[in-house]
Amino acid sequence: MKIRTIDWDKNSIKIIDQTKLPNEFNYIYLKDIKQLFAAIRSMKIRGAPALAAAGALGVVLAAYNIRRKKPGQFIKELLRVIDYLSTSRPTAVNLFWGLERMKKVIEANKNNKAEVLKSALLSEGRKIMQEDRIACRKMAKAGSRLIKNGDRVLTICNAGILATIDYGTALGVFYQAKKEKKQFRVFACETRPLLQGARLTTWELSKNHIDVTLICDSMAAVLMSEKKIDKIFVGADRIARNGDTANKVGTYNLAVLAKWHRIPFYVVAPLSSFDNNIKTGRDIPIEQRSCREITHSYFKKPIAPSGVKVFNPAFDVTGHELITAIITEKGILRFPDR
Ligand code: MRU
């Protein structure tokens, strides 16, 4: 299946609207920064590496839309947009990494005409996307060496095509293993409350003819205790200097269970997911999302009494001591630590 999660097209940002999947597959065009901000917040576009591209292309979009072309004003406006996009989602460091790359382009072109800066920003946006495509394929090749015939692997959330430009991190490993004709099965946790596992992972794996079985998040322990899981592969939203890793809430549960059941636990993530400014996972900002996602999403009627207190962190942190290895585009980092 050849699809692309995000691209620059017709002077707009073209994305797949992921909130409509798996029932509808639609591309939408984001024509201004407010639309992009809303698309990120509402998770029409999501997944750490895809957010790096979204942030970068957001700066390009702003450059195409800004009318004031005096260099000083133009740059001031672009920096304002970067600050604004930085407030869209806090956990995936890739978003900030993408914005930082664009800031460097602005700095390097600060004495050039607006038109020159605009085209430099577009080249950088395209470069970021191309680098992701290459990194994902390298991670996939490194990671697929860990998959053996007959393996039953478990994953959570969506770390696939839909979370990157067009291949995936954890799911990229499965695409490569399939290409190498390995026989394996995937179990996908549904991933409450926004169901990225059920809606997105099972969708893209089935479209790519990979044997996938959907489970509720709470069923992972049963499978592990019955010795039906051989390995776990997940993505990452931010990796601290000591290897502690933030990923979709529920990942930490899986890592603890994996340790108990002696199942290898692998994180697959590009170098853009590493945050060298953060010493340990305790410093990773965790996004808190709306109560309604738990009480109302995907149900015809609310599933909890009105006004009930709700706790809804979108991510959790898995300590490095629970991680068997981090698979990056530079190779496999075993037993990560400081
Ligand atoms: O809230 P989301 O859907 O953006 O969360 C995404 C994840 O947690 C992914 O596992 C992570 O971004 C890695 S994607 C390659």
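Let me start with helix α2, which gives the lining of the largest cavity its largest share, 3 residues. Helices here are DSSP runs of H or I with at least four residues, strands are runs of E with at least two, and both are numbered from the N terminus. A cavity, on a 1 Å grid over the protein atoms alone, is a set of points where a 1.4 Å probe fits but cannot get out, and a lining residue has an atom within 4 Å of a point.

Before going on, the provenance. This is a predicted model, where local features need pLDDT of at least 70, side-chain atom pairs count only at pLDDT 80 or more, and totals for chains, interfaces and linings use all residues. Residues are numbered from 1 along each chain as its sequence is written, and side-chain values use heavy atoms, with hydrogens and water left out.

Back to the cavities. There are 2 of 30 Å³ or more. Volume means the space filled by probe spheres set on the grid points, which are joined across faces, edges and corners. The largest cavity comes to about 210 Å³. Its lining has 26 residues, and R46, G47, A48, N158 and D237 lie nearest the centre. At least two lining residues come from each of α2 (48–65) and β9 (245–248). Domain 1 (6–137) and domain 2 (142–334) each contribute at least three residues to that lining; the domain bounds come from an automatic or database assignment. By class, the lining is 13 nonpolar, 9 polar and 4 charged. For the classes, Ala, Val, Leu, Ile, Met, Phe, Trp, Tyr, Cys and Pro are nonpolar, Asp, Glu, Lys and Arg are charged, and the others, Gly among them, are polar.

The side chain of D237 places an N or O atom 2.9 Å from a ligand oxygen, and a polar backbone atom of G47 lies 3.0 Å from one. On its own the ligand has 420 Å² of accessible area, and the protein covers 99% of that, by the Shrake-Rupley method with a 1.4 Å probe.

The second largest cavity has a volume of about 70 Å³. Of its 13 lining residues, P193, L194, K248, E293 and A314 lie nearest the centre. The lining splits into 6 nonpolar, 3 polar and 4 charged.

P193 sits in the loop between β5 (184–189) and α7 (196–207). T191 is in the loop between β5 and α7 too, and has a positive phi, near 75°, without being a glycine. Another cis peptide bond runs from L21 to P22, with omega near 5°. P22 belongs to the loop between β2 (12–16) and β3 (27–30).

Last, the largest pocket, where a pocket is an open set of points with protein on both sides within 12 Å along at least five of seven lines. The volume of the largest pocket is about 330 Å³. It has 13 lining residues, with M1, K2, D166, Y167 and N208 nearest its centre. Helix α6 (residues 170–179) supplies the largest share, 3 residues. The lining of this pocket holds 5 nonpolar, 2 polar and 6 charged residues.

Conventions. Polar contact = N/O pair within 3.5 Å; in protein donor to acceptor, adjacent residues only side chain to side chain.
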